[in-house]
Amino acid sequence: MMKMKKYCMDLRVVENRRIHERYCLLKLTADHTLPEIVPGQFVQVRIDGAQDTFLRRPISVNRVDKRLNELWLLVQIVGKGTQRLSEYASGDTLNLILPLGNGFTIPQAASHARLLLVGGGVGTAPLLFLGELLRELGFAPEFLLGARTAGDVMQADMFESIGRVHITTEDGSAGEQGLVTVHSILNDTFDFIYTCGPKAMMTAVARYAKASGTPCEASLENMMACGIGACLCCVEKTVKGNLCVCTEGPVFNINQLTWDI
């Protein structure tokens, strides 16, 4: 597995748009070309100007726009740190460590392979970046997105510009009612599945993939503090023993995990 060089750098806020009461979309840029980043990797963001935010916050890379030299972060507002991030304005500076972790496995060549990307909540964020890359490589990725209500489905228009989108909502206000793991599209056959979201959802997706004999990768969202494997707070039990998600993941093949699947 190739280890990519890590950088600690200041990025400038191009736009900070509140796209939902609990989410904001941060677009960042630099005066120099952004380093190479692959789908599935994350960044550690330093929070300045907020109490009790001594630790950096890990955030998945939502998108990289090489033409505009922009890095996008979809931020779920859940505490003081992310609330402060939602208040940054255009022109402000954020300090990031990037890129961190290992990304998703990319198929070697475009074919008729059918790829399904399953996300729930803020776990849909890295799947946008992955989907764009897969499409650039000649694949036709499909997305299965789960949310509580229609208003909680983030960036639906962007996903639809990449590939076919399937939606489930708990209240039935968009797509099929229920959880992603009961969507009728899962009656079809897929060649590879990628998933990111709440652990219960990913476990259910992994169980489906294993039962159907479909290769599957999951991007874990364990709590991370340092991002470099020093604090050990993100350790996950695997078939190879306890591994730090921030350095050995966050993406794992489900056969590496000891989940009840």
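Glutamine 155 touches Leu25, Asn62, Trp72, Leu74 and Leu128, leaving aside residues up to four places away in sequence. The model is predicted. Glutamine 155 belongs to the loop between strand E9 (142-147) and helix H3 (156-162), and is buried, at a relative accessible area of 10%.

Trp72, one of the residues touched by glutamine 155, also has arginine 63 over its face, 4.6 Å from the ring centre. Elsewhere, the charged end of arginine 84 sits over the ring of tyrosine 88, at 4.2 Å from its centre.

The whole structure contains three aromatic pairs. Among them, phenylalanine 104 and tyrosine 194 are edge-to-face. Phenylalanine 104 lies in the loop between strands E7 (93-100) and E8 (115-120), and tyrosine 194 in strand E12 (residues 192-196), so this pair ties together parts 90 residues apart in sequence. The rings of phenylalanine 192 and tyrosine 194 form a tilted pair.

| Pair | Centre to centre | Angle between planes |
|---|---|---|
| Phenylalanine 104 and tyrosine 194 | 5.5 Å | 90 degrees |
| Phenylalanine 192 and tyrosine 194 | 4.7 Å | 35 degrees |

Phe104, Phe192 and Tyr194 make up one aromatic cluster. Phenylalanine 104 is buried; phenylalanine 192 is buried at 16% relative accessible area, and tyrosine 194 at 0%.

There are zero disulfides in the structure. The sulfur of cysteine 196 has its closest cysteine sulfur in cysteine 216, 11 Å away, so the two are too far apart for a bond. Both residues are buried: cysteine 196 has a relative accessible area of 0%, and cysteine 216 one of 1%.

Key: Residues numbered from 1 in each chain as written. Predicted model: local features only at pLDDT ≥ 70, side-chain atom pairs only at ≥ 80, totals over all residues. Heavy atoms only, no water. Helix = DSSP H or I, 4+ residues; strand = E, 2+ residues; numbered from the N terminus. Buried < 20%, exposed > 50% of the residue type's maximum accessible area, 1.4 Å probe, protein only. Contact = heavy atoms within 4.5 Å. Disulfide = S-S within 2.5 Å. Phe/Tyr/Trp six-rings, centres within 6.5 Å; stacked < 30°, edge-to-face > 60°. Lys NZ or Arg CZ within 6 Å of the ring centre and 35° of its normal.
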